[in-house]
Amino acid sequence: MSMSSALNNAVTGLTTNARMAEVVSSNLSNVMTDGYGRRSVELSSVQVGGRGGGVRIDAINRFVDAGLLADRRLADASLSGQDRSATMVVRLEQTIGGPDDAAGLGARLAEFERALISASSDPASETRLASVVSRLQDVANTLQSNTKSIQALRQEADGAIARDIDVLNTALKQVATLNADILRIKGSGDDPSALLDARQRAVDQIAKIVPIREIPRDNGTIGLQTTRGTQLLESRPVEFGFQRTPTITADMTLAGGALGVITIDGDVVDAATGIGRLDGGSLGAAFALRDKTLVESQESLDLIAADLMARFQDTTNDPSLTAGDLGLLTDEGGVLDLADLAGLAGRIALNPLIAPANGGNAALLRDGLNAAGPGPAGDATQLNRWIAALSAPRADVPGMAAQSASGRIASFVSEVGTTRLLAQEQLSFTTARWETLREAELADGVDTDVELQKLLQIEQAYAANAKVIQTVDFMMQRLMEL
């Protein structure tokens with residue numbers, strides 16, 4: 001081998017070693033970076049005239065386990081959806097209050113019943129009668145407050161849908177742009193690894209919102225579609241649309257056309273569900289909360305309000321009433337209408353005849369709401385009727401089970417608690433699965449021990465090539481001295 005060949009081999013070795021050191025340092029510095037794919041340098045020997053001509057870099061390879069990545073992304077979608085559902089259901093339970101919550105609906109009704117019992121032991125006491133009215137007002141206020149809170153949660157879910165749609169559109173456009181950049185960089189022979197990392201992070205954002213499948217193309221670009229077949233990105237990204245609802249009330253439903261639905265390129269995906277085949281991630285969870293879970297909770301609350309109103313406007317429980325008269329509780333001043341139950345819990349109010357704000361008379365609790373005149377001050381008959389009305393099993397709404405007033409509230413509170421418990425159990429399972437897949441993904445990533453070993457080898461190779469150059473330089477100097 002000539003000195004020029006030896007020198008050329010050593011120079012190419014130094015160049016290659018420098019590039020390998022750069023790649024190893026990049027691996028080490030990004031060991032904790034999400035979306036980073038481990039790199040390695042692919043080398044081959046150069047042959048010139050049948051003799052060694054040094055070494056060259058053929059490619060910078062980026063390592064990602066596509067199958068593991070796909071499984072982790074599906075777990076991402078499931079986890080984000082379960083997390084959103086569990087968080088909202090926990091807040092719903094906190095709003096309603098548990099069985100032992102002093103501010104809960106069950107506790108308010110119990111206080112009202114105790115006030116009635118206390119008044120029945122001394123019917124002539126105006127203070128005790130006023131306390132009954134106050135406790136009943138607390139029951140109505142709690143029903144109204146719970147309704148407002150449930151609708152506020154629905155409003156939050158609607159806002160979450162709008163935010164998810166914005167993220168989807170932004171991320172899809174990023175992926176499309178990165179596809180074009182990667183195609184151009186690969187065409188020029190440069191390393192597109194950094195762009196591939198950025199594209200993976202953008203796709204990961206999408207995967208949390210809807211479960212997706214990545215479709216690789218031969219030219220390095222990718223297509224995206226949901227696991228149920230909705231195309232998201234082919235030659236161009238689709239455009240999602242959603243009209244956020246400024247204010248949501250209990251009577252506003254998706255079926256009634258009062259709430260927003262998702263559109264793709266201007267077309268409604270599914271008017272019945274609002275989301276079509278895009279469920280499975282955080283977006284689907286938001287729709288389920290807005291249009292099912294929280295709606296069902298409001299319906300249960302309205303049934304409780306209807307049950308209480310029916311008890312207190314029943315002529316059996318107050319003989320002074322006739323059919324169509326107002327009871328102790330009203331629908332904003334009206335009688336109970338079983339055809340208009342949506343949002344009833346938010347409209348429930350005291351009968352003006354006993355409401356302090358309207359100058360009502362608490363003694364009517366003892367005498368009868370429509371009594372012709374004051375009755376005996378010591379007669380507790382009507383107060384006892386109110387007490388009995390609370391404990392009697394009733395089913396005034398078709399399809400509703402016969403229960404006492406307190407039993408119906410307890411069932412509702414229990415249902416909310418069970419829903420919360422199931423959501424948290426599902427979240428725990430999904431979290432464990434996601435963590436397992438994430439750990440496997442990280443284990444397939446950068447191994448710092450291996451990278452440090454490579455760095456030592458690169459250092460030794462660099463020193464050896466430098467020694468060759470030094471030796472050639474010495475030999476040439478000796479020749480020049482002749």
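This is a predicted model: local features need pLDDT of at least 70, side-chain atom pairs count only at pLDDT 80 or more; totals for chains, interfaces and linings use all residues.
Start by selecting M475, which is found in helix α11 (residues 448–481); helices here are DSSP runs of H or I with at least four residues, strands are E runs of at least two, and both are numbered from the N terminus. At 38% relative accessibility, M475 counts as partly exposed (buried is under 20% relative accessible area, exposed over 50%, partly exposed in between, with a 1.4 Å probe and protein chains only).

Residues are numbered from 1 along each chain as its sequence is written, and side-chain values use heavy atoms, leaving out hydrogens and water.

Next, select α2 (residues 66–96) and α4 (residues 126–187), whose axes come within 9 Å and cross at roughly 165 degrees (axes are lines fitted to C-alpha atoms, for helices over the stretch in contact, and angles run from 0 to 180 degrees between N-to-C directions). That makes α2 roughly antiparallel to α4, a label for angles over 145 degrees. Show side chains to see R84, M88, R91, L92, T95 and I96 of α2 meet residues of α4 including N146, I150, L153 and D164; contact means heavy atoms within 4.5 Å.

Keep α4 and bring in α6 (282–313). The axes of α4 and α6 also come within 9 Å and cross at roughly 165 degrees, so these helices are roughly antiparallel to each other. Their contact residues divide into 21 nonpolar, six polar and five charged.

Move on to α9 (residues 381–391), where Q382, L383, W386, I387, A389 and L390 are buried. They cover an arc of only 155 degrees around the axis, which puts them on the same side of α9; the arc is that of the directions from the helix axis to the C-beta atoms. Which helices do the buried residues of α9 pack against? Look for α3 (105–121), α4, α6, α8 (364–367) and α10 (405–443).

Finish at N317, in the loop between α6 and β9 (329–331). N317 is buried, with a relative accessible area of 11%. Not counting residues up to four places away in sequence, N317 touches R311, Q382, R385, W386, A389 and R394.

Technical notes
Angles under 35 degrees count as roughly parallel, over 145 as roughly antiparallel, 65 to 115 as roughly perpendicular and the rest as oblique. Ala, Val, Leu, Ile, Met, Phe, Trp, Tyr, Cys and Pro count as nonpolar, Asp, Glu, Lys and Arg as charged, and the others, Gly among them, as polar.
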